[in-house]
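Take a moment to look over the sequence and the structure shown here before reading on. The paragraphs that follow lead from one part to the next.

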2 protein chains.
Amino acid sequence: MENTRVDFLYLDEEEMIEAGVKDMHQCVGVMEEVFSLLGQGDYIMGGKNHNSHGILISFPDEPQFPNMPKNGPDRRFMAMTAYLGGRFRVAGEKWYGSNKENLSKGLPRSILMVMLNDADTGAPLALMSGNLISAFRTGAIPGVGAKYLAKKDSRVLSLIAAGVISRTCFLSLIDSRPGIETVKIYDIYRESSEKLAAFIKENYPSVKEICVCGSIEEAVKDADIINVAASGKIYPKIEERWLKPGAFLSLPAGIELEEEFLTSGRCRRVVDNWKMYEAWSEELTKPYWNIMGLIGTKYLDLIEDGKLSVSQIDNLGEIIAGKKEGRKDDREIILLGMGGMPVYDVAWGFQMLENARKKGLGTTLHLWDRPDMA
Amino acid sequence: MENTRVDFLYLDEEEMIEAGVKDMHQCVGVMEEVFSLLGQGDYIMGGKNHNSHGILISFPDEPQFPNMPKNGPDRRFMAMTAYLGGRFRVAGEKWYGSNKENLSKGLPRSILMVMLNDADTGAPLALMSGNLISAFRTGAIPGVGAKYLAKKDSRVLSLIAAGVISRTCFLSLIDSRPGIETVKIYDIYRESSEKLAAFIKENYPSVKEICVCGSIEEAVKDADIINVAASGKIYPKIEERWLKPGAFLSLPAGIELEEEFLTSGRCRRVVDNWKMYEAWSEELTKPYWNIMGLIGTKYLDLIEDGKLSVSQIDNLGEIIAGKKEGRKDDREIILLGMGGMPVYDVAWGFQMLENARKKGLGTTLHLWDRPDMA
């Protein structure tokens with residue numbers, strides 16, 4: 001008789017921490033594997049071109065029903081789905097609700113759950129708290145980028161904004177470029193900058209100098225690596241003249257840069273996965289940049305306006321898979337645009353499932369012994 | 001201090017049954033509520049027009065990687081997301097993997113999970129086994145349709161195909177039209193027809209006559225209600241000349257009907273939600289009908305070919321909400337096309353959560369006491 005029993009593992013946030021979800025070094029390594037698979041093409045995401053970020057539920061500005069949720073900062077639901085190959089060979093999704101008002105309740109802006117599924121049968125393998133998966137996988141990508149795109153001898157790091165994502169980005173950047181000696185921080189709330197500065201001072205003695213800056217310009221000047229991870233609708237503006245030759249700009253969130261610079265030969269444009277932006281161009285309406293402020297969506301606008309061509313954009317995965325050149329010299333200014341992808345969540349979730357199994361963590365949930373209808 | 005603890009309920013398949021997931025009478029009532037909300041507009045689904053069925057992962061016919069899943073019958077992953085208003089006021093999703101090969105393992109074709117989430121914070125409220133939610137909510141829609149669109153004195157029911165979905169459709173149709181005395185069944189596997197016939201005979205003494213038919217034509221002739229729920233790539237073909245005046249065709253799956261009939265004044269075209277088909281027309285590529293065989297996707301093709309206009313299609317929700325007329329007379333032939341929507345899963349899942357709470361069913365899962373990062 002067939003064994004039709006289905007069980008799967010549940011991991012709450014504490015168990016995720018025990019499984020190592022906050023191990024940024026391992027996370028950077030796993031994300032590097034993901035980009036290698038992306039570069040080879042051994043993955044499938046949702047949507048028409050198989051590269052969709054996910055499916056979004058957004059709410060109206062003026063609901064016609066008294067109980068209907070109203071649009072507000074970061075308010076949405078999103079399902080992000082992927083199959084990932086290589087040693088992962090697993091399907092999965094991240095499903096979350098987000099609402100800035102959560103912060104006033106002591107809850108995170110977004111509450112995220114990750115599910116992994118057998119790639120053949122679709123049976124659930126695991127359900128896990130996704131908040132730390134998401135924060136760490138997002139933070140890890142700048143570190144992966146820095147490995148290939150930042151100068152080897154990078155010494156000065158600039159962090160624009162000082163929230164949760166800036167902190168996780170810092171963790172990966174210092175992991176990839178341990179020679180960083182100076183960190184310059186700017187946030188519109190000085191208190192946030194000081195909190196992040198204190199965290200770095202306490203945990204990273206190799207960082208000799210930490211400056212809390214009064215402006216973006218001050219924070220950006222002389223930096224070898226600039227990471228911009230601000231939330232909110234006003235995207236930090238950075239001017240080309242502030243940039244040092246050879247700077248690596250890590251851009252996981254909204255950013256404003258001069259069009260003339262972006263379309264010039266004076267910068268190299270790398271993104272996490274250009275096809276995902278192409279999927280967005282079908283799912284959203286122009287101007288795309290105004291929606292989330294991502295540099296990749298700015299490229300969409302510039303391409304539709306005839307000011308940039310697709311051939312001027314490189315994918316990080318192709319560089320890691322060896323299909324395209326990495327940094328060419330110490331004077332090249334490189335912009336890495338990131339939009340976030342479900343393959344990251346699936347990969348980091350899968351690693352947590354492996355770690356949890358080894359450590360015997362989690363609760364086994366039973367789905368059925370024999371399905372009622374089959 | 002804020003209460004930041006998050007718990008949610010897990011219900012396995014057996015607990016779902018105890019909660020009443022197989023109570024078709026209640027399910028038809030809840031689905032009727034859903035259509036009323038759809039008719040009013042008190043819901044939001046995913047995608048650009050807020051009416052997307054969901055996001056699909058499909059696999060290539062010729063994978064370039066040895067381990068990558070290969071396209072095959074019903075092989076896909078899908079996330080279906082929705083917010084539903086009214087007394088539900090909840091967000092949620094159904095996430096599933098599907099693969100016909102599961103059947104050879106004693107597993108259902110699709111393995112489905114439903115999650116419900118607080119519409120404001122996004123926090124999970126419940127995770128539940130979704131297979132019976134899906135089978136029953138799909139089966140319930142023909143019953144909702146029959147209430148408004150089948151003749152009151154319908155006596156003869158024709159079931160084309162005799163699988164799981166045909167059985168659940170039968171349950172709702174007999175619930176809405178208890179006067180049914182004759183059931184005619186056709187399936188390409190006679191054994192399947194006989195199994196369904198035996199089930200009806202055993203459980204529904206009000207059905208006086210059950211015929212296992214040798215052809216679609218034989219099964220369809222003289223029927224007041226015709227339900228077509230075949231899986232697979234060959235869509236059952238029904239000819240207009242076989243149809244009795246006043247017939248109600250309930251079409252939850254692939255179907256072939258003559259174009260000349262479909263574009264004529266001799267039938268009325270009702271669908272579950274026309275906007276969902278419009279979303280499909282952006283997510284898929286023409287010809288749409290060939291992809292799933294749904295009558296609604298056939299209308300998309302006919303509209304793009306200039307043979308039909310949107311004004312010739314009515315939504316069931318508008319009829320139930322009283323915005324459009326139901327059946328006009330006893331001679332009208334009415335086709336109800338269905339494509340399936342995540343609002344059904346959210347609604348029936350929500351009802352199960354309420355039922356389970358009342359009965360004290362399920363396992364409480366803990367997410368966190370205080371989130372690690374907020």
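Chain A and chain B bury about 6700 Å² between them, with 65% of that area lying on carbon and sulfur atoms. This is a predicted model, and the values given for it here are computed from its atoms. The area that chain A buries against chain B draws 10% of its total from Ile55(A), Trp95(A) and Met373(A), which is more than any other three residues supply. In terms of contacts, 82 residues of chain A meet 82 residues of chain B.

What kinds of residue make up the side of chain A that touches chain B, and how many are there of each? Across the interface of chain A and chain B there are 26 residue pairs in polar contact, both residues at pLDDT 80 or more, and the residues on the side of chain A that touches chain B divide into 41 nonpolar, 25 polar and 16 charged. Four salt bridges are also found across the interface of chain A and chain B. In one salt bridge, the side chain of Arg75(A) meets that of Asp120(B), at 2.6 Å from N to O.

The same surface serves both copies, since 100% of the contact residues of chain A recur in chain B.

Within a single chain there is a further division to follow. Chain A is divided into domain 1, made up of 6-134 + 343-368, and domain 2, which covers 140-341. The C-alpha centres of domain 1 of chain A and domain 2 of chain A lie 24 Å apart, and 24 residues of domain 1 of chain A are in contact with 30 residues of domain 2 of chain A. Between them, domain 1 of chain A and domain 2 of chain A bury about 2200 Å², of which 63% is on carbon and sulfur atoms. Met24(A), Phe35(A) and His53(A) supply 27% of the area that domain 1 of chain A buries against domain 2 of chain A, more than any other three residues.

Between domain 1 of chain A and domain 2 of chain A the count is one salt bridge, and the side chains of Lys147(A) and Glu32(A) meet in a salt bridge at 2.5 Å, N to O. Eleven residue pairs are in polar contact between domain 1 of chain A and domain 2 of chain A, both residues at pLDDT 80 or more. On the side of domain 1 of chain A that touches domain 2 of chain A, at least two residues each come from α2 (24-40), β2 (43-45) and α12 (342-359) of chain A. Of the elements there, α2(A) gives the most, with eleven residues. By class, this side of domain 1 of chain A has eleven nonpolar, nine polar and four charged residues.

Some details of the backbone remain. Most residues other than glycine have a negative phi, and most peptide bonds are trans. The peptide bond from Lys286(A) to Pro287(A), however, is cis, with omega near 0°, and Pro287(A) lies in the loop between α8 (274-283) and α9 (289-292) of chain A. In chain B, the peptide bond from Lys286(B) to Pro287(B) is cis, with omega near 0°. Asp74(A), in the loop between β3 (55-57) and β4 (76-84) of chain A, has a phi near 60°, a positive value in a residue other than glycine.

How values were computed: Residues are numbered from 1 along each chain as its sequence is written. Chains are lettered from A and ligands numbered from 1 in the order in which they are written. This is a predicted model: local features need pLDDT of at least 70, side-chain atom pairs count only at pLDDT 80 or more; totals for chains, interfaces and linings use all residues. Side-chain values use heavy atoms; hydrogens and water are left out. Contact means heavy atoms within 4.5 Å. Domain bounds come from an automatic or database domain assignment. Buried area is the accessible area (1.4 Å probe) that two parts lose on being put together, summed over both. A polar contact is a pair of N or O atoms within 3.5 Å; within protein, one must be able to donate a hydrogen and the other to accept it, and residues adjacent in sequence count only if both atoms are side-chain atoms. Helices (H or I, at least four residues) and strands (E, at least two) are DSSP runs, numbered from the N terminus. Ala, Val, Leu, Ile, Met, Phe, Trp, Tyr, Cys and Pro count as nonpolar, Asp, Glu, Lys and Arg as charged, and the others, Gly among them, as polar.
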